[in-house]
4 protein chains.
Amino acid sequence: MKVVGISGSLRKGSFNTAALRAAQGLAPEGMTIEIAEIGDLPLYNDDLRAAGYPPSAERFRAQLASSDAILFVTPEYNYSVSGVLKNAIDWGSRPPNQPFEGKPIAMMGASGGLLGTARAQYHLRQMMVFLDAFPLNKPEVMIGQAGKKFDESGKLIDEPTREFIRKLLESLRDWTNRLKKGAP
Amino acid sequence: MKVVGISGSLRKGSFNTAALRAAQGLAPEGMTIEIAEIGDLPLYNDDLRAAGYPPSAERFRAQLASSDAILFVTPEYNYSVSGVLKNAIDWGSRPPNQPFEGKPIAMMGASGGLLGTARAQYHLRQMMVFLDAFPLNKPEVMIGQAGKKFDESGKLIDEPTREFIRKLLESLRDWTNRLKKGAP
Amino acid sequence: MKVVGISGSLRKGSFNTAALRAAQGLAPEGMTIEIAEIGDLPLYNDDLRAAGYPPSAERFRAQLASSDAILFVTPEYNYSVSGVLKNAIDWGSRPPNQPFEGKPIAMMGASGGLLGTARAQYHLRQMMVFLDAFPLNKPEVMIGQAGKKFDESGKLIDEPTREFIRKLLESLRDWTNRLKKGAP
Amino acid sequence: MKVVGISGSLRKGSFNTAALRAAQGLAPEGMTIEIAEIGDLPLYNDDLRAAGYPPSAERFRAQLASSDAILFVTPEYNYSVSGVLKNAIDWGSRPPNQPFEGKPIAMMGASGGLLGTARAQYHLRQMMVFLDAFPLNKPEVMIGQAGKKFDESGKLIDEPTREFIRKLLESLRDWTNRLKKGAP
């Protein structure tokens, strides 16, 4: 089972990217998480797209299309997802094929405050309605007070958070299998 | 396949209740839609619940529990679902069992304006995350300018809208079957 | 300055009602907070309204109309405001006059979890757009882990939370004055 | 009164940019609308910012800071604002100063569908809470079926829409004056 993981933060020391790397080590047997590069996508411009997808967008879209499921790791900027993440979703969502369609989705996020990106995640869920993707309801992984949960090298050292991520990925595996097995 | 349909409006001439009645006649073979009564529920009060569910709540909860899927038909009041509908959801969501859990969900709504209850439906979708229910993504049935689409007796006479509802119910049937067939 | 305070919970031991009572004692000089009764409103039904507002709705609407500002204290049920609160808003929002229009608004809420009703408060904010009311942006008072912040008699004993509420009410006073002074 | 206008679409023939240009011609006496360039902003990266704002971000932030009010013109991509617009907001919102703070805000948007960017606009409103900016409640300008309302050269030819925009700008002027006159 191949999962594509997308972090919405480009900062080198990002807690969200660190959480995504942690997820790679916490994935259940049989699941691999491949991290997508979205920092080299241009700002979305439909004229650009119409002239032919730029190579970075082409690569990102192919990666999405070849995945069994997608894991979003979103920071919260200004009470929503980052522009960086939204820009990637915009590139991913356009014709001819729409690679998010029908995909099982898991999401998580980390922030310094108490809410742990809750507001961003509900915006992300609304986007999934348009994309006709299938987000997991539970568990909701909102890593608040992130500064206390990662060490200086970016390693996730908070055991309860590690356990939440483990459960999220197991749920994603089960949800992916359920959607596949039930497919007409 | 038994679907419980809930209209969020108590007005006798409600377009939403009329749309729900129309849905009963548009259901695909093998699906029956039973209309839930929510107008006799008291305002939710957790002290009441703790003392034992009132009979109207007991009945509503049993009806939800015995359903294969749920169809919400929501008006939009003040850019959200009606208090009447939210009150019913509040009664339906409490211990010991939580009858919305795991249920396939379809939603639609009717309003006089152009947006056809879009804002209410996204609020409803957020509630479904907590309830761990599974709303359909598509089609989204938002019946705008409802005054032109029903006749004086409350019959839905707009053919495109009838076709949207037909598709919604077929999608609900397929989604219910998919979730059941895929279940572990 | 007369503020009408509305708690969205009818439970006797409600943390939200307790927070509203605490607010009465924390109001700045010159502000009084009058608690609205919403537990005796019937479920909203537009046929009822058209036949003449029931006395409880008449009373509630008059109370809103005579206020300088409104303070909502909302629990979070199913990731939104309670049906009880929404029902009160629905009664308050209908013709001939619309007593929320132009009113300065403050909101807060208490919950057992960490998020302290954040999700409910953003839904409430969306309702304020329709009602053309003016919610304060800051501070946002989200009282998480409420069980630790009130004593057994319902007294708010957490000093940082008391300070947040004090600031909320001072901000509401300033915001109300600003809107009044600037009015054309 | 200087308003900075921001279109969230980079497409040359964008209806949103066309609507913003139309707004320039519909502004009431004494108001000028200056269009911000956001297409040359890099993707937001907090490491970049910490090393010193890039010139395009510096310019954009200075433009915001020098404005009396801000007009957002947002497309709707994937049921939210465009990544392009969110990226600009992210650049605009960071220390040392936060130029959105306290600003009067108007918003509008254009789309091919019926909803006219409603979903994007409510996301945008939630961002304004964090930014402590003051969005107008009314009128809400949602230009649906945009293809019928602009001519081939991008001129807004639909008179009711022109009138809506005129009213939006007059309301923005009045709201800006009210907030200024009422300021402590």
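**Interfaces of chain B with chains D and C**

In this predicted model, eight residues of chain B are in contact (heavy atoms within 4.5 Å) with eight residues of chain D. Local features require pLDDT of at least 70 and side-chain atom pairs pLDDT 80 or more, while totals for chains, interfaces and linings use all residues. Residues are numbered from 1 along each chain as its sequence is written, chains are lettered from A in the order in which they are written, and side-chain values use heavy atoms, without hydrogens and water.

Chains B and D bury about 640 Å² between them (accessible area, 1.4 Å probe, lost on being put together, summed over both), with 62% of it on carbon and sulfur atoms. Tyr79(B), Leu115(B) and Tyr122(B) lose the most area on the chain B side, together 54% of what that side buries.

For chain B and chain C, 31 residues of chain B are in contact with 31 residues of chain C. This pair buries about 2700 Å², 59% of it on carbon and sulfur atoms. Leu43(B), Asn78(B) and Tyr79(B) supply 27% of the area that chain B buries against chain C, more than any other three residues. The count of salt bridges between chain B and chain C is zero.

How values were computed: Buried area is the accessible area (1.4 Å probe) that two parts lose on being put together, summed over both. A salt bridge is a side-chain nitrogen of Lys or Arg within 4 Å of a carboxyl oxygen of Asp or Glu.
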